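Please read this briefing alongside the sequence and the 3D view.

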Amino acid sequence: MILIPLLGFLFILSGIRGRRATSNFTIFVLLVQLADLALVGWARFHSSDPYRVGYQWINLAVSFEGATQFQAFGIDVSLRVDHLALAATAALTLLALALAFWHRQGGRGEPGPARFHATQLLAVLGGVGVVVSGDLAALTAWWGVAGVATYLLLAHRFGTEAAGRASRLGLALPFLGDLALLSAVAVLYSRFGDNDLDKLSPATVLTQTYGAGLKTLGVAAVLFVIAIFVRGGLFPFTRWQLGTLDAPPAAVAFVQGLWPLLGAVLLFRVLPVFYFGGPQAWWVLAYAAAASAGGAALLALAGNDPRRTLVWGGSAISALVLLAFGQPGAAGTSLAAALAIALARPAALLCGWALTAAMRSRDLADMGGALRRMQMTSLSLALACVALSLALAPKGVARSGWHSVWFLAAAMVVAGFALARVYGLAAHGELRRRRAFEPTRVREVAPVMWWPVWLLAVGGLVLAAAAFLTPWVAFLVGGKQASYAVQTDVLWMLIGLAGPALGLAAGLALRPLALAWPARGERWVAGAAGVAAYLYGRFVHAPGLGTVEAFEHRALRSGEDALGSALARAHGWAARPVSGAMAVGLVLVAVVAAALLAGLLAPGVYR
Amino acid sequence: MMGLFLLAVPSPSATPIPVFGSGVIGFSFLLSTIIWAPVVWALVLATVPNPRGRYDRFFYGSSFWVTFGVLALAFFGYIQFQAFTVGPQYEEKVPWLPAFGITYHLGADGISILVLIANGIVSLAAILASTGLRARPREYYVLLLLAEAALNGLVCARDLFVLALFWGAAALPLALLVSGWGVAPARRWAAGLRLLGYSGVGSLALLLAVFLLAATAGGGTFDLDYLGKTGLPERAQVVIGILVVIAAATRLGIWPLHGWAREVLAEAPAGVAILVAGAGMRMGGYLLLRLLDASLHDGTRLLAPLLAALAGATALWCGLAAFRTRDLRVLGAYLAIVPGCVTILGAAGVTPLSLDGAAYSLFGGAVASALIVGACAVVSERALTRDLALLGGLAGRLPRLSWLLVLAGLGVIGMPLTGTFVSELLVFFGSFKVSFVGAFATAAGLLVAGAAVAWMLQRVLFGAPNPDAPPAVDAPLTETWALAVLAGALIYLGVVPGGPKLAGIPFLDPGAINVVNASVADLASTYAPPSPTPGGGG
C-alpha cells in the first residue's frame, strides 16, 4: 500500500515525461493500488484485529539510567491495517484516480504534467501513510509528507501572481498545523515515553503513568485539535483553502478531499487522549468545532461566488464531523461521514469550477439554466450537495444533550441550505446574455471531465447512505454498534434533506432575495475583514516589524560599527598590508612558521 | 540490571556485521592526517610557481581532490567507528607544553566523526561552488584549505587549549576570504571585519572559559577527558557556562550576536558562504555540546531556560527580520541561522534524546544552512540581481535552481524527508519535558521562519518575470553540482537516519543517528529523566 505510490512517484521523477505518458502511468499506478487494496481487503475483511507490520526507522538506546520508558527511543514505519485504514485508503485512491482522469482534459493547459502527477502520487503516499500508521511519530512524518505535497500541488501554476499568493498561503498557514501535531506528539512522548498507538491507548497507560495526568492529555488534545483544524481548513483557518482556489482545480479538489479525511482519521486514532483527558479536552473539541461549523455555515451564506460558498459549506460540514466525534458512540458514524465528505466535497468543487468556467462568471447572479445546458454537471452538483448534507444525518451523531442536537440540526440545515443555494441558482433560472457572453455557447464539459465527477458524487452519496447502516459503521470501527429505531433514522434524514430542499426552493422561488441578502452579507464580511486587517496592520504587523528593523538597522549596526571602527583603528597597521593580495601568503607563512617554531621549541615535543 | 535492560530494549547487535570499508584505515594518525593534510597542501599551493596564471585550474582541481580525500578519510573513520565503545576513538596524544598541562590530544567520538563528515561535504560543496572563481585563485584556495583544516582541528581537539587555538584560527582565513573575495567591494571589508570582531569576542570568551575551567579544576591540565569529569562548584559552572554560551552565540548567530552572519553570508562569494554557514556556524553548536552539556552538568541545568529562550527568540527574530529585508542573500542569511536554534534548544533540553537531536542537527542543520545560502547566492548570481523587488517569476527560467531553493527552504524549517526534520523530531520529543516553554517558543519561531520561507519562494519563483529585471539563465551543471551534493546529503539524512537497509540487510551500518547516539548516551547519562515517584502530577 505504501510502496505502490512511492514507486510510482520515483518512476515519474526518474524520467517519465509528456502529458499522456505521465497521466497514463499515474492512472496505472492508482489502478494497481486499487487492485492491491482489493486483495488486502479480501484477506482482512473478516478479521477485526488490525494487521501489523513494522520497519525500523530509528532505534536508539539513549540512556542506561533513569525511567525505563525513556531508556530507548524508536520510530518504526509501522503499518497498522484495520478496516478504517482500508476504507480510507480506498477513498483516497478513488479520489486520486477520478482526479487523474479529470485532469487529462481539465488540466491540459497546465504546465509541468510530470510535476503535477508526481506530486499527486506523493500526496497519495503521504495520505496512505497517515491512515495506516500505528506510530504517532511516523504519522507525523507522513502528515508532513502530505503537507509538502499539498504545497507543491497548490504552487503548481508558478507563472501567475495568484499562484504565488496561493503557494505562500499553502505553505505558511498549514505549517502551523504541522508544528502543532509535532508538538502534540512530543508532549505525549515526553510524559509517556512511547509513540505506539496501541501501547498508548490502554486506560492503564494514559491514566496511571506517573508524571502524566490530565494537564498533559489536555495540552496534547488542544494541539491535536489545532493540527486538525488548520490542515482541514476549518474556520478560522479556511484562508489557506480559499486563497488557493486559483490553483489547478484537480489539485484544489484533491487537497479539500484529502485533509478533512486525514483529520478525521487522526482524531479517531487519538480519541483515547480525549477520552482520558477529562471533560476539558472534549469541551475544547466540541466548542471549537461548534464555533467553526457555525462560523463557516454563516459565511457560506455570505457571498455569491459559488466556489467560495462551496468551500465554506464543505468546511462547515467537516467541522460538524468533528463535533459529532464528541457525541458518545458516534465515532463510527463520524468516520463514515468523513469518508462520504472526502468524495462529495471535491465533486462539488469541480462542479462549481466547471460552472464558473462555462458561464465565465464567478457571480451566481450571472448564472442560471445549467440543468438544461450542463445536465451532468448540475446533477453531480446536486448529488454532491445532498451527500454532504446527508453525511451527518445518521442518528448516532447526536444522542447526548438537547443543545448539541439542536445545534447540530441547525448547522446541518444552514450548511445544506448554503450548498444547495449554489445548485438552485446556477442550475435553474434564466442564463442572461451579457457583454461578450453568449448563453447558447454554454455547453457540458467533455465526458472525461464529467464522469469522474459524477462517480465521485455518486460515491459520496452511497457512502453517506451507507452511514445509516449499522454493519458498515461497525465494520469501520471494528466493534459492535448500537442499532436505532427507524423513526430516528427518518427524522435525521429529513433534517439532512431540509437544508438542500430549502436551498433549492430559495433558488427557484426567491431568486432575487437569495442573491441580494448574500451580497449584502458579503459586503459586511468584507468590511469586518478590512477592519480586522487594519487593526492587525496598525497594532501588530507594523510595530512588530518596525521594532525588528529599528534594532537590525540602527541599534545593532551602530554597535557593530563602533566595534569595527575600534578594531580598524587598533589594527590599521595590519589591515593595510592584508588588503594587498600578495601579503596574504606572507601572513600565512608567518603564522604557520610561528606555530611550528612554538611547537618545536616546546619542551614536550622536544622530549 | 544491565542484562534486563538489554533484553527489554531492542537494540542493534553489539558486534556489528563487518561492512564495506571496515579495516581499511590501519594507521594511528587518521585525525592528524585529516587536519594537517589540507595545511600541507595549502603550503604547497602557496609556494608553487604560477607564471601568468597557467596553473589556476590546478589550484581548483588539487584543492578539490585534497578535500575529497579528507572526506574519504572521515568516511572510512565513520565506517570503522566502534559505535558500542565508550569514549573517543582514533586518539592521538603527544605532550606539547607539559609545563602548562597542554597536550596535542586528538580524538573523535560519534558526534565528532559525524561533524567531520559534515565539514567534508560542506567543504567539498564550497570548492565546487568556487569553480567559476577567476581572481587570485592561489590565495583563495590556500585560505579555504586552511579554514577547513582549522574547523576539522576544532572538532577533533580533546585538549581545550588546542580547541581554543583552532577556534580562533578558523576565523582568520574566513575573514580574509570574505574581505578579499566578497561580492560587493564596498561592503566586503566591513563584513570581514564584522566576522573578525565577533569571532574575537567569542575567542576571548572561550579562552576565559577554558582558563577558568582549568584553574577551577586544579590547573594541572587542559585535557577535556579530565576536565569533563571534575565536579566543579555550581557557581563556577554557571560563570564558565555563560562564557561558553557567549562564545557559541558568536558562531551560531544567536540573537543579539547575529549581526556578522547577516553581513558575511550576504557578502561572501557562494563557496565561502557555504563554508561559513555549513561548517563555521555549526561549531557554535558543537561547542555547546562538547563543553557545556558534556562537562558542566549543573551549569547546563541552570542555564537551560536561558538557552531555550535564546533559541526561541533567535528563531522568531530571524523569521521577522527576513520579512523586512529587500535583499535575497540577506534573507538567506537570516534563514541559515534558524537550524542553529534547534541545536540550541536540543542543548537546552538536557535529556539524552534532545542531545541526540542537537548532535544530529549539527549535520542536518549544516547542510540545510549551506544549501539555503548557496542557493540564494547562485540564484542572485544567475538572475544578475539580489534585489527582491526585481526578482520574480524565476521558476520558469531557473527550473533546476528553483527546485534546489524550494528544497533548501523546506529543509531550513525541517519539513519531512530532510535531515533537519529528524533532528527537530528528536529535539522536540526530548525537550518538551524540561523546556516546555522554550520548545513552544522555538516552534513559534519556526512558524515565522516558515512564513518567511513561503514569502521568499513567492517573491523569487512565482508570478510573471519582472520586465525591469536583467535576463536570468539557469545555472550550468558545474554550478549546481555544489548544491546537489548538499541537497543529496540533506535528503539522505532525512530518509535513512538509521542507515539504509537493502533487503533487510544493513548497509553502512550503523546509521548516522546511531553513531551520534553512541557518544550522546555516554555524555548525557546524567541527564536521563529520573524514575518517577508516585504522586507526580502531569
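A nonpolar core is a set of buried Ala, Val, Leu, Ile, Met, Phe, Trp, Tyr and Cys residues joined through C-beta atoms within 7 Å, where a residue is buried if 20 or more other C-beta atoms, placed from the backbone, lie within 10 Å of its own. This is a predicted model, in which local features need pLDDT of at least 70 and side-chain atom pairs count only at pLDDT 80 or more, while totals for chains, interfaces and linings use all residues. Residues are numbered from 1 along each chain as its sequence is written, and chains are lettered from A and ligands numbered from 1 in the order in which they are written.

**The core**
- The largest nonpolar core has 450 residues, and those with the most contacts inside it are A:Leu320, A:Ala340, A:Ala387, B:Ala125, B:Ile274 and B:Leu335.
- Helix 15 of chain A, residues 331-359, gives the most to this core, with 21 residues; helices (H or I, at least four residues) and strands (E, at least two) are DSSP runs, numbered from the N terminus.
- Leaving aside residues up to four places away in sequence, B:Ile274 touches B:Val122, B:Ala125, B:Ala126, B:Ala129, B:Ala370, B:Val373, B:Gly374 and B:Ala482, a contact being a pair of C-beta atoms, placed from the backbone, within 7 Å.

**Chain B**
- Chain B has 20 helices and 4 strands.
- The radius of gyration of chain B, taken over C-alpha atoms, is 22 Å, close to the 24 Å that the globule rule gives for 538 residues, so chain B is as compact as a globular protein of that length; the rule is 2.2 Å times the number of residues to the power 0.38.
- Buried residues make up 65% of the 538 residues in chain B, and in helix 4 of chain B 20 of the 20 residues are buried.

**Helix pairs**
- Axes are lines fitted to C-alpha atoms, for helices over the stretch in contact, and angles run from 0 to 180 degrees between N-to-C directions.
- In chain B, the axes of helix 16 (residues 399-412) and helix 18 (residues 436-461) come within 9 Å and cross at roughly 170°, which makes helix 16 of chain B roughly antiparallel to helix 18 of chain B, a term for angles over 145 degrees.
- In chain A, helix 3 (residues 83-106) and helix 15 pack at an angle of about 5°, with their axes 10 Å apart, which makes helix 3 of chain A roughly parallel to helix 15 of chain A, as angles under 35 degrees count as roughly parallel.

Technical notes: A residue is buried if 20 or more other C-beta atoms lie within 10 Å of its own, exposed if 12 or fewer, and partly exposed in between; C-beta atoms are placed from the backbone. Two residues are in contact if their C-beta atoms, placed from the backbone, lie within 7 Å. Angles under 35 degrees count as roughly parallel, over 145 as roughly antiparallel, 65 to 115 as roughly perpendicular and the rest as oblique.
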